[in-house]
Amino acid sequence: MLNFIEDIQKNNNCGLEEAVRIALRRVVGAYVIVLLDKDNPDTIIAARKGSPLVIGIGKGEHFLASDASPIIEYTKEVVYVNDYELAILKADEIILKNLGNEKLTPYIQKLDMELAAIEKGGYDHFMLKEIFEQPDTIFDCLRGRLDVEKGTITMAGIQQNIEKLKNANRIIMIACGTSWHAGLVAEYIFEELCRIPVEVEYASEFRYRNPVIHQGDVIIAISQSGETADTIVAIEKAKENGAFILGVVNVVGSSIARISHAGAYSHAGPEIGVASTKAFTGQLAVLVMIALKIAKEKGTIDATRYMHLLNELHNVPEKVKEVLELSPGIRKLAIKYKDAKDALYLGRGYNFPVALEGALKLKEISYIHAEGYPAAEMKHGPIALVEETLPVVFIATKDSYHEKIISNMQEIKARRGKVIAVISHGDDIIPKMADDTIVIPEADELIAPILSVIPMQLLAYYIGVAKGYDVDKPRNLAKSVTVE
Ligand code: AGP
């Protein structure tokens, strides 16, 4: 890129800024470039496409980063640079232009986060801090939106587009990794409450497939960082085909928040640990509220069920505190199973995606090979893996599948698999079968994934720590996958 720009400068006998504009009109792919003009050493030229670029506005200085969190200790005023924009920075001036050399007005945003949010706050790791922040982050996500007294959910981005949402032919959830698992839980929720058909798509597949998208289709794009390249391109593809894009994002001002037609933030605060934890439970809380709001407007939920779920959601932060009190016991379990070579995670219904998420957390943090499955899928093959050294984690909280999952557990025990079961208070059957149990507060099956995922996060964390790994920066992983 540099040689290309220098060639343009020579061949066109133009200044660096002009040469950069010409070059960026011809290059393809994702990039962030920051250039110091040796002829004007007080000038920096920066641009981006596909990858994030944030400029922090200081007193007589500017800061450039791919994310706002490293900037917060210097300034709260930032400008998010969009694709095909050029920033020309001098110590006390910021000029924004498009590649057509037209001046743009920089949109200065105030960061709503504190320095403490990006510090460990006395915890050994950001991951543990973020797991223990969940009572507060879920409360923050509900605050100002969920009003149990009035029986209302206030979400401006949803209300303003309620006609499109409630009359959607189909909802397509698009995401990657942990956010994709949130989409899978949401599939169960939206189909049950809103009676709208839902599909859950891996963004990396959706963007290259020739998907059938109709007018009236709604895309819900889920992302913690709001900068995941595959999800951004999948959104652009769906937009080109006329779909309405609703973004569920954690990072305020991020690309996905800016390219979506409307959206809702999960307000989980900065998530520093690579393994997504509090953002996942925030995504679930937001998706439940969106589904309840659409169902209420559509009349596909009766008043009793609606109020019951509002109360259940309202009680989640307190119940999460109870789950977190189990961490010493979960730590003991982690030490017991840390030398496992493989692991299976099983769940049914709403807990099936939690099994996938539990397996992903263990893989990411402890490098133990783990797979998540719908429990009934076992007998169609994976049960061949079961023997006495294989830990099988069941997410078996009380729900409409409970009886079924007990028989799945018997199938595993019959082959001497080691069963670790996450169960609800008052379950007096499974403790007699399982090798180890983690007993969490009871909740409606639709809400239970927000609770049942937390022992999964803690188990992976403590196994990773017991194995001496850097749980905040696991090998081979980035917090935000901004390139393909
Ligand atoms: C989850 O722990 C991982 N960090 C990863 O799978 C992540 O969920 C995925 O890259 C999607 O990121 P996003 O939510 O920021 O789009």
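Helix α4 covers residues 134–142, and its buried residues are Q134, P135, T137, I138, C141 and L142. Bear in mind that this is a predicted model. An α-helix has 3.6 residues a turn, so residues three or four places apart point the same way. What do the buried residues of α4 pack against? The table lists these partners.

| Partner of α4's buried residues | Residues |
|---|---|
| α3 | 126–132 |
| β10 | 146–147 |
| α11 | 278–298 |
| α12 | 303–314 |
| α13 | 316–324 |
| α18 | 448–466 |

After α4 comes G144, with a positive phi near 75 degrees.

Now for a sheet. Five strands make up an open sheet in the order β1-β2-β6-β7-β8, and their pairing is antiparallel. Because β1 (31–36) and β8 (103–104) sit at the edges with a single partner strand each, one side of each has no neighbour in the sheet. Strand β7 (residues 93–98) is joined to β8 by 2 bridges, the two running antiparallel, and K97 stands opposite K103 in β8. Lying across β1, β2 (44–49), β6 (85–90) and β7 is helix α2 (residues 16–24), which runs at about 165 degrees to β1.

Last stop: S276, in the loop between β16 (262–265) and α11. Is S276 buried or exposed? Its relative accessibility is 9%, so S276 counts as buried. Setting aside neighbours within four places in sequence, S276 is in contact with T178, Q224, E271, E357, K361 and K479. As for V439, S276 is 163 residues from that residue in sequence and 23 Å from it in space, C-alpha to C-alpha.

Note on methods
Residues are numbered from 1 along each chain as its sequence is written. This is a predicted model: local features need pLDDT of at least 70, side-chain atom pairs count only at pLDDT 80 or more; totals for chains, interfaces and linings use all residues. Side-chain values use heavy atoms; hydrogens and water are left out. Two strands pair if DSSP finds at least two bridges between them. Helices (H or I, at least four residues) and strands (E, at least two) are DSSP runs, numbered from the N terminus. Contact means heavy atoms within 4.5 Å. Axes are lines fitted to C-alpha atoms, for helices over the stretch in contact, and angles run from 0 to 180 degrees between N-to-C directions. Buried means under 20% relative accessible area, exposed over 50%, partly exposed in between (1.4 Å probe, protein chains only).
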